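Hi,

Here is the structure I promised to pass on to you.

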Amino acid sequence: VPQILLANTHQIDVATPIFAGSHHVGWSRVEMRMDTINANLRSVLIRGVIIILFLAWLVVFIALFSARKVTKRLNELVHIFTAVTQGEREVRAKIVDNDEVDLLAQGFNTMLDELSVTEHLREQITRFYGAWIACNNIIVRETNEEVLLDEICSVIAKQVPFKLVLIGMLNDEQWIDFVATSHPESTYFKNLHVSIKSSLPEGRGPIGQAIRGNCPIIFNDLLAENDSKPWWKSAEAEGIRSSAAFPISRGGKIVGTFSLYSTEVNYFTVELVNLICGLSQDLRYALENLDRNKLQLIQDHELRIAAAAFESQESFMVTDANNIILRVNNGFTALTGYTANEVVGKNPRLLSSGRHSKEFYENMWDTLLTERFWQGEIWNRKKSGYLFPEWLCITAISNSAGEIINYVATSNDIS
């Protein structure tokens, strides 16, 4: 065991035993001055402090560098956010290191994308609402069908906007005649030939399918639809990328389509399609209202003729669709002997003479239902029972839907 021989503030003297194997053979004496020891300790302490300070500075430097980098990226996000609030919707944050800040940037970009889509849809819907209101104003004031349809196409194309708007009507050969367009100079429009026959390539597009299925048909990527192949070349040349066709009904029948074309893929959203369906219904109302107005004019004209006829000496009778007498004139009373009060509400068979067969009347009614007119000689019976021959003309009057609503009969005694 080492032995301390001397230890004070000036020096330290230590003796250490020396062994050879297990035998003690002598002592080793070590003497050191305390100022030397203290100097060595101070040197170690100074080097330790220097190392600690260096490491501390290095940690602070790394922290500041990282903080500055993070702060810079955060400032970039703040600037982007400020730009967005000022209306710049196209700016996006850059993705650099896929760290936590970049994850925040990715989320921010996703939010901006969704915001842009939402604002685009909102603007699209708002524009279409405005166009729809303008179209309703046209429907209310316009009485000319050709002008009405052309103005509707133009308003929709300008206000929404669309690349092209068309209204087509089905002809007897089952092809579409385009009666109105927003852009008559369009090359796509000039080269557009559409059928409703599914056996023809020209009949497999959205227009043909809409008429056959009586439902809206949407091609949101026109150039990717094989059914639109006949129109790929002209559509690509004119920048048309999506199209939609909506059937138009008139008098309970599908008569044509309302077609719209956009330069954007996936332009026709569910919300927009629902709105266009509403406009299509208004278009149906407009066309049927024009038909009603035309029919009213015809009926007014016929009533004026009828009023004149009721003042004539010729026998005149009007029945409803069920062949119930509604009105007769003085000529009828003079010819048959029956007054208006005696026959109104009754069937004209009360005049039957009994001289004609069942087949005669069946043929007469078959002709009336198919040709809407019959004339010929017939024997009838007066109120007195006297049989007489007369020349009878019957005309069937139809409404806008083609349904018979009245029969008008004029007759003369030819005995």
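Lysine 383 is partly exposed, at 44% relative accessibility; that label covers everything between buried (under 20% relative accessible area) and exposed (over 50%), worked out with a 1.4 Å probe on protein chains only. The side chain of lysine 383 meets that of glutamate 342 in a salt bridge, at 2.6 Å from N to O. By salt bridge I mean a side-chain nitrogen of Lys or Arg within 4 Å of a carboxyl oxygen of Asp or Glu. This pair links distant parts of the chain, 41 residues apart: glutamate 342 sits in helix H9 (residues 340-343), while lysine 383 is in the loop between strand S11 (373-381) and strand S12 (387-398). Glutamate 342 also counts as partly exposed, with 27% relative accessible area. The helix and strand names come from DSSP runs, numbered from the N terminus: helices are H or I with at least four residues, strands are E with at least two.

Before you go further, keep in mind that this is a predicted model, where local features need pLDDT of at least 70 and side-chain atom pairs count only at pLDDT 80 or more, while totals for chains, interfaces and linings use all residues. Residues are numbered from 1 along each chain as its sequence is written, and side-chain values use heavy atoms, with hydrogens and water left out.

Back to the salt bridges: how many does the structure hold? There are seven. One of them joins arginine 127 to glutamate 123, with the closest N and O atoms 3.2 Å apart. Arginine 127 is partly exposed at 35% relative accessibility, and glutamate 123 is partly exposed at 41%.

Another bridge runs between arginine 141 and glutamate 142, where the closest N and O atoms are 3.7 Å apart. Are these two buried or exposed? Arginine 141 is exposed, with a relative accessible area of 52%, whereas glutamate 142 is buried, at 15%. Arg141, Glu142 and Glu151 are linked in a network of salt bridges.

Next, some backbone details. Which residues does the cis peptide bond join? Valine 160 and proline 161, with omega at about -5°. You will find proline 161 in the loop between helix H3 (145-159) and strand S4 (164-170).

Glutamine 174 has a positive phi, about 65°, although it is not a glycine. Glutamine 174 is in the loop between S4 and strand S5 (176-181), and is partly exposed at 36% relative accessibility. Asparagine 214, also not a glycine, has a positive phi near 55°. Look for asparagine 214 in the loop between helix H5 (206-213) and strand S6 (217-219); its relative accessible area of 47% makes it partly exposed.

Last one: serine 28, in strand S3 (residues 23-33). Serine 28 is partly exposed, at 30% relative accessibility. Which residues does serine 28 contact, leaving aside neighbours within four places in sequence? They are Val14, Ala15, Thr16 and Ile18, where contact means heavy atoms within 4.5 Å. The C-alpha atoms of serine 28 and isoleucine 18 are 6.6 Å apart, and the two residues are 10 residues apart along the chain.

Cheers
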